[in-house]
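Open the model in your viewer and keep the selection tool ready. We will go from stop to stop, picking a few residues each time.

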Amino acid sequence: MQIDIQHIAKLSRLSIEKEKVEKFQKEMENIVAMCEKLPPMDGDYTSVDPSNPMQLRQDEIRPSLKRDQLLQNAPQTQAGCVVVPKVVE
Amino acid sequence: MTAASLSEKLRKKECSAVEITRSVLEQIEKTEDKIGSFVTVCEEQALKKAEEVDRKIAAGEALSSLAGIPIGVKDNICTKDVLTTCSSKMLYNFVPPYDATVVSRLKQADAVIIGKCNMDEFAMGSSCETSYFKKTKNPWDPAYVPGGSSGGSAACVSAGEAVLSLGSDTGGSIRLPASYCGVVGLKPTYGSVSRYGLVAFASSLDQIGPLGRSVEDVANLYEVICGRDPMDATSAAREYGAFAQKINRSVKGLRIGIPKEYFGDGVEPEIKAAVLESVDRLVKEGAQTVSISLPSTDYALSAYYIISSAEASSNLARFDGVKYGYRAKDFTNLIDMYEKTRSEGFGDEVKRRIMLGTFVLSSGFYDAYYKRAKQMQQKIAQEYAEAFSQCDIILTPTSPSTAFRMGERTDDPLKMYAADICTVTVNIAGLPAISVPCATASNGLPVGMQMIGPKFSEQMLFDAAGCFENICGGFGVAPSVKA
Amino acid sequence: MNYEMTIGLEVHAELNTATKIYCSCKNAFGAEVNSNCCPICTGMPGTLPTLNEKVVEYAVKMGHALNCKINPVSKQDRKNYFYPDLPKAYQISQFDIPLCENGYLDVMVDEKGNTKRIGVTRIHIEEDAGKLLHDESFAGSLVDFNRCGVPLIEIVSEPDMHSSAEAKAYLETIKSILQYIDISDCKMQEGSIRCDINVSVCRPGEPMGTRCEMKNVNTFSGAVRAIEYEAKRQIEVLEAGGEIHQETRRWDDAKGQNFLLRSKEDSHDYRYFPEPDLLTIVIDEEKIQRLKEELPELPNKKLKRYMESYGLPHFDANLLTENPDKAAFFESCVEKENCKTKNISNWLLGDVSRILNEKNLVLADTSLTPEKLTDMIALIEKGTISVTAGKTVLEQIIFSDKTPEQVVEEKGLAQISDTGALSAIVKSILDANPKSIADYKGGKTNVIGFLIGQCMRQSKGQGNPAVLKDLIEKQIKEG
């Protein structure tokens, strides 16, 4: 299976160095070939399982994090917010 | 020394919690350079906690079985105010403002968290060699890998740098290193231990589990961490009783299923022989064997890599340099920041898995890969259910081989993935499985044996493993750490 | 114009639950930046979502209000894309099994009461993203995560609308329903209700054209402008011999134009897959039924009823049914059956509204009761007090516990309607204003207003103006 490494990398927000592209390409193709060993399966797939329903949470407020704790790991902050490169809408 | 015996000493006041912690810290001091189990050693916090335990003992308080026991915690489990890196450059400086639920339970049980254990980066690996910080060595022979991804968790217990540890298992990441390092490791039933605070790799497969030197110790730790957590919607709504005290070390009448697919060409002959010989010993104690088949085992690795990578590609997308962790230094715009941060912050194995996951979920490929893998998952679970109608537990080798040499498989991802062939089906089916040491191979390294049970049958696994432990006269032989 | 336009609308409404959809942080607008956040809604490693029960209940209620089939078994899915205001880099939403499907809404499309049925394809639940703040002076953008995890329902309509007016009517009806069943406060200026618009054009009788999606429409009148602009744009392209390609465009209301945001080739590959951190949502039949029974009479039904049963014009009925409290108050007044329904409507929509707006209050904040209001109106209808006196009484009864009768007595507002007493006043005014009499006789009949005013002054405002008018006219005629 021919994998479009550049396209997949872009979707994943990764960039592969030029020198490594060929190696990655080969490795990915081998791994995908392994994955392709799966035979076609009959029937349909649904992830829904009504026999195991989810317990829902009560709508009760719990304390939030203090802002300085929230931002303590942020690479760059300003005016109580996280800073990112300018986003053009 | 096991946790059980140390706990006994504490109760009898034959030693103090501080003394226990200090002696473990000394062992770490002596051993860490050679083994490298830890990313972070929590000396100050550990001693503080030990002092607290001693105060409680002096005040005559009744304490849990884990009080004062030094425990290592895998570095993908969040510990409040203590560095949690997942052994990745991406989280090299991440200090969580919260504890994982299992960590809160450890603290409530007055356990002493001695350090954060090294691992394969983001739990992706079978040898602990993809860690950004260091390569942990196998305490039995430092030229060999300890296994992965919970390599540090297994090594620290094996080398006496901790009495117990917590690891995580997605495709074998507790059982494999347990078997390579000659310790006991349990991957619990999916949903029996809260995942809140475990940095997610594959959400539908991940479970936190205990590693230790004895079955009783592992059962004690499991007892403390298991149970419904309202913060984890996938944690099962059920009551759990005591486990350790109820261990019944008998296999009389136990039907042991031997699946032919796990004793085929993919497994080294010496391993097969060792495991089958252990089965004979169990039969002598009253167990019966049943030949069974798990026909879809051949497809398990494919299904596993599709499902786990798909979920991982989504779970790791949050590492984008915006609000925590590593951010690239130079970039021209937002997309450039994302790409540089993620390319510089992640190692190659992580990138491979992210790309595989993105690929199988991408437009046009979902049906051929992800959907098919999920259908295979249901089939594998079905086959196990059928097998369990004929037997009580299923017994296999934990891995096709013993530990391998450092660097031996790092150039070939598929060769590395092959270490998981005996363990992945268990995660796919959400079942519990325990790995116990069953022999020493001709290369001097431990061989591990795996017992798999139906969902929520941990007690039965402890019983059977406990019986085997008795037969062996205990697992507690720690290797001499080469000077 | 020989083209038809087809419009489909996707409305996003923030629900007014106490907590966010997947964590227990406070769900509130306008807080200081990053003060209502926790590890879960900011996507910190290791955190997991837990679904808020109220969100499911509110979505089901809206499903009932829009005549949908409620799915008793459904799930959530991940929608993956990278953006700074999306901390997990995926949004938890619903892909193929939404909570509600296949509904409709009967929307009133003109003032005569004609309605049109607009199909509702689905309603699903999802989480909102954070906010990006920009400033000309600042080199970067700032991220405020407060809004991350605020619960949203997305209401998707069938492409059943064929004019901007229909679209506006649909939007306004959706908004009033959301407010009526009290699941969203729908403050457009706070962004708690937003819509994306799909527009296509085609020649009559031909198959539907390719649609374009427009984002960033923030007001209902803006929606009308956006639709008109886009239909025109597409027609111009087609007339020039071009083709319409599926695109996402961004509406700029200030400029009155839209701009290309994403072409189909650049469109996101969201790589949807079922959310593994959440289990199946199961709602039992009993609960589904109970939620249906809890619904009040919906505003669009009320509107029709007010027009038909009370004979109120569309304009009045619309204003009265605008919010449930006003409508309930109105209905309580009507039930008293002691004055004319139209007068109740006039007073409520007139002076009462004015006073409330001036002081920025709602009815519940005041001492006005249906009893007090209708008693006052009855006094006017009987002629006991004048309309002007009524306004004075209103001020009093809104802000104090006094009854209308008490106020009339205390302030001596009772009108003099007795012709005997008033005749004397009329005579004295007429005697003092011979020129006015002459003007009146000469055809300037509106001078009677001045004369009535003078009589009113003389009577200290207590003369019944209708009676005075009669007397003046009579006395002038009689010379």
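**Stop 1**

Select Arg78(C) and Ile92(C): Arg78(C) stands opposite Ile92(C) in β5(C). Now show the two strands around them. Strand β4 (residues 77-80) of chain C and strand β5 (residues 90-93) of chain C run antiparallel and are joined by four bridges. Strands here are DSSP runs of E of at least two residues, helices are runs of H or I of at least four, and both are numbered from the N terminus. Two strands pair if DSSP finds at least two bridges between them.

In β15(C), Phe273(C) stands opposite Arg78(C). Strand β15 (residues 273-274) of chain C runs antiparallel to β4(C), with two bridges joining them.

Before moving on, note what you are looking at. This is a predicted model, where local features need pLDDT of at least 70 and side-chain atom pairs count only at pLDDT 80 or more, while totals for chains, interfaces and linings use all residues. Residues are numbered from 1 along each chain as its sequence is written, and chains are lettered from A and ligands numbered from 1 in the order in which they are written.

**Stop 2: the sheet of chain C**

Stay in chain C. Which order do the strands of the open sheet follow? The order is β2-β6-β7-β10-β1-β11-β12-β13-β14, nine strands with mixed pairing. β2 (69-70) and β14 (257-263) of chain C are at the edges; each has a single partner strand, so one side of each has no neighbour in the sheet.

Strand β13 (residues 247-252) of chain C and β14(C) run antiparallel, joined by six bridges. Select Asp252(C): its bridge partner in β14(C) is Gln257(C).

Helix α1 (residues 53-65) of chain C touches β2, β6 (100-108), β7 (115-127) and β10 (151-157) of chain C. Its direction makes about 170 degrees with that of β7(C). Helix α2 (residues 164-180) of chain C also packs on the sheet, touching β1 (4-14), β6, β7, β10 and β11 (193-202) of chain C. The direction of α2(C) makes about 20 degrees with that of β1(C). Axes are lines fitted to C-alpha atoms, for helices over the stretch in contact, and angles run from 0 to 180 degrees between N-to-C directions. Residues are in contact if their C-beta atoms, placed from the backbone, lie within 7 Å.

Zoom out. Chain C is divided into domain 1 (4-290), domain 2 (323-411) and domain 3 (419-477), with bounds from an automatic or database domain assignment. The C-alpha centres of domain 1 and domain 3 of chain C lie 64 Å apart.

**Stop 3: chain A**

Select chain A. Three helices and two strands make up its secondary structure. Their order from the N terminus is α-α-α-β-β. Chain A has a radius of gyration of 23 Å, well over the 12 Å that the globule rule gives for 89 residues, so chain A is more spread out than a compact globule. The radius is taken over C-alpha atoms, and the rule is 2.2 Å times the number of residues to the power 0.38. The C-alpha trace of chain A spans about 50 × 50 × 25 Å along its principal axes.

Show chain C again. Here 32 residues of chain A are in contact with 41 residues of chain C. On the chain A side, α3 (67-70) and β2 (81-85) each supply at least two residues. The largest share, five residues, comes from β2(A). Follow that strand: β2(A) pairs with strand β9 (residues 140-144) of chain C in the antiparallel sense, over four bridges. Select Val82(A) and its bridge partner in β9(C), Val143(C).

**Stop 4: chain B**

Chain B has 15 helices and 11 strands.

Select helix α7 (residues 215-225) and helix α15 (residues 458-472) of chain B. They pack at an angle of about 160 degrees, with axes 9 Å apart. That makes α7(B) roughly antiparallel to α15(B), a label for angles over 145 degrees. Show Val215(B), Ala219(B) and Tyr222(B) of α7(B), then Glu458(B), Phe462(B), Ala465(B), Gly466(B) and Glu469(B) of α15(B): these make the contact.

Methods. Angles under 35 degrees count as roughly parallel, over 145 as roughly antiparallel, 65 to 115 as roughly perpendicular and the rest as oblique. Two residues are in contact if their C-beta atoms, placed from the backbone, lie within 7 Å.
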